[in-house]
Amino acid sequence: MKLFDVYPLYDVEPVKAYDCTVVDKNGTTYLDLYGGHAVISIGHTHPHYIKRLKEQVDNIGFYSNAVQNNLQVQLAEKLGKLSGYDDYQLFLCNSGAEANENALKLASFHTGKSRVIAFENAFHGRTSAAVAATDNPKINAPLNNQQDVTFLPLNQIEFVKTELEKGDVCAVIIEPIQGVGGLDEGITTFFTELETLCNKFGAVLILDEVQSGFGRTGKFFAHQYHGITPDIISIAKGMGNGFPVGGIMIAPHIKPSYGLLGTTFGGNHLACVATLSVLEVIEAENLIDNAKNIGEYFVSQAMKIPRVDKIKGKGLMLGLEFDFEVGELRKKMIYDQHIFTGGAMNKKVLRILPPLTIGKKEIDRFVKALQSVLVEQKESV
Ligand SMILES: Cc1ncc(COP(=O)(O)O)c(C=O)c1O
């Protein structure tokens with residue numbers, strides 16, 4: 001059987017990795033400034049993470065959600081404490097799309113309504129309602145187009161008010177900082193007014209922290225820069241440091257009932273231990289502060305790079321917007337400089353999403369490498 005050919009692949013095959021380094025099958029080492037789409041939070045193969053997972057798999061790796069699993073309770077407690085959402089409720093699933101799917105479904109159950117407000121250039125995943133709330137017609141099949149989603153521009157609260165006044169909206173879903181879209185973000189007054197309007201018109205405010213959560217932006221959640229409290233927060237990516245796990249954190253006023261949500265694999269023993277060990281390392285190694293400090297250092301150094309129009313994002317969720325499309329630049333960074341970086345829907349944005357353990361030395365290496373590629377590019381014109 002052949003693989004279903006949906007990914008344009010770089011010609012690199014990683015076989016080993018540690019911290020911010022990836023090693024390919026030829027023994028070449030790469031600096032990982034992309035963390036496999038913002039997934040690697042505490043660094044590749046972190047010893048504490050490996051130890052905890054190995055011990056768990058020796059005991060029990062999986063049982064269904066029909067029986068007690070104290071690891072889920074431990075995880076909910078630790079996550080509540082570290083994120084500042086002690087009084088919220090946790091539902092566990094397996095990916096970011098699934099988290100948003102459950103968030104939207106729960107909002108619809110809770111309000112009895114079905115229309116969703118999302119934002120231009122948003123990305124929320126590839127499943128039914130999540131992809132319908134994603135502003136990319138190319139990845140929406142006719143089946144997905146049956147969902148009722150209205151896309152609005154960021155930072156224009158009057159448009160949101162007009163739609164919410166119609167009274168048929170179950171949820172407003174928003175990324176605190178757009179990831180796949182290219183690092184655009186709402187301003188604080190937009191977020192606070194959004195919260196007020198959602199409360200006034202009874203719409204559920206969902207903050208999609210799948211990419212920006214778990215300390216990546218220098219706070220546990222990026223929306224905490226704006227002082228808002230969403231009704232539902234969706235989480236995944238950095239949560240498991242590579243182990244597939246996702247979830248939603250649900251405000252106390254949204255009540256559960258048996259059978260409302262469910263999953264076979266979500267919240268399994270290994271996923272819980274992966275996430276618990278990520279939280280333990282984030283806490284022990286002060287990785288949220290590191291994300292903030294190294295992010296600031298990155299911004300100060302990135303100002304030296306020629307042809308950068310804008311430096312976007314917060315902490316270690318960063319984007320450099322150039323005055324040209326960065327596809328070729330990314331290839332040169334991988335093949336010539338051995339540094340992984342990311343692209344975005346905005347073709348001029350180079351995305352930087354390293355493990356939260358990264359230091360200044362690695363940032364210096366990146367800036368130097370990028371400068372030399374840009375000089376080469378200039379000389380070849
Ligand atoms: C903000 C956001 N939401 C949801 C998703 C979907 O997550 P997954 O690919 O785990 O389904 C992504 C993935 O890039 C994302 O960036």
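**Figure 1. Surroundings of F324 in the predicted model.** F324 touches R307 and K348, leaving aside residues up to four places away in sequence. The structure shown here and in the other figures is a predicted model. F324 lies in the loop between β12 and α10 (327–335). F324 counts as partly exposed because it has 13 C-beta neighbours inside 10 Å, and a residue is termed buried at 20 or more and exposed at 12 or fewer. F324 and V149 are 175 residues apart in sequence, and their C-alpha atoms are 32 Å apart in space.

**Figure 2. The contact between domain 1 and domain 2.** Domain 1 is made up of residues 14–46 + 286–380, and domain 2 of residues 47–284. The centres of the two domains, taken over C-alpha atoms, are separated by 26 Å. Domain 1 gives 24 residues to the contact and domain 2 gives 29 residues. On the side of domain 1 that touches domain 2, the elements giving two or more residues are α9 (287–302), β11 (308–314) and β12 (317–322). Helix α9 supplies the largest share of this side, 5 residues. By residue class, the side of domain 1 that touches domain 2 consists of 13 nonpolar, 8 polar and 3 charged residues.

**Figure 3. Helix α9 and its buried side.** The 16 residues of α9 should span 22 Å at 1.5 Å a residue, and this agrees with the 21 Å between its end C-alpha atoms. L287, I288, N290, A291, I294, G295 and F298 are buried in α9. These residues lie on the same side of α9 because they cover an arc of only 145° around the axis. The cover over the buried residues of α9 includes α8 (269–284), β11, β12 and α11.

**Figure 4. The loop residue N286.** N286 is found in the loop between α8 and α9. Although N286 is not a glycine, its phi is positive, at about 50°. Most residues other than glycine have a negative phi. N286 is partly exposed, since 13 other C-beta atoms lie within 10 Å.

**Figure 5. The loop residue N241.** N241 belongs to the loop between β9 (232–235) and β10 (246–250). The phi of N241 is also positive, near 50°, in a residue other than glycine. N241 counts as buried because it has 28 C-beta neighbours inside 10 Å, where 20 or more are required.

**Figure 6. The shell around the ligand.** The ligand is surrounded by 15 residues, of which S95, G96, A97, G125 and V210 are the closest. Helix α4 (residues 96–111) gives the most to this shell, with 3 residues. The shell around the ligand contains 5 nonpolar, 8 polar and 2 charged residues.

Figure 7. The 14 residues of α7 (residues 188–201) should span 20 Å at 1.5 Å a residue, in agreement with the 20 Å between its end C-alpha atoms. In α7, the buried residues are F191, L194, E195 and C198. The arc that they cover around the axis is only 100°, so they fall on the same side of α7. T189 and K200 are exposed on the other side of α7. The packing partners of the buried residues of α7 are α6 (157–164), β7 (169–174) and β8 (204–208). Just after α7, G202 adopts a positive phi of about 70°.

Figure 8. E362, I363, F366 and L370 are buried in α11. They are placed on the same side of α11 because their arc around the axis is only 100°. Among the elements covering the buried residues of α11 are β3 (29–32), α9 and β13 (339–340). The face of α11 turned away from the buried side carries exposed K360, K361, D364, V375, E376 and E379.

Note on methods
Residues numbered from 1 in each chain as written. Predicted model: local features only at pLDDT ≥ 70, side-chain atom pairs only at ≥ 80, totals over all residues. Domains from an automatic or database assignment. Contact = placed C-beta atoms within 7 Å. Helix = DSSP H or I, 4+ residues; strand = E, 2+ residues; numbered from the N terminus. Nonpolar A, V, L, I, M, F, W, Y, C, P; charged D, E, K, R; others polar. Near = placed C-beta within 6 Å. Expected span 1.5 Å × (residues − 1). Arc of directions from axis to C-beta.
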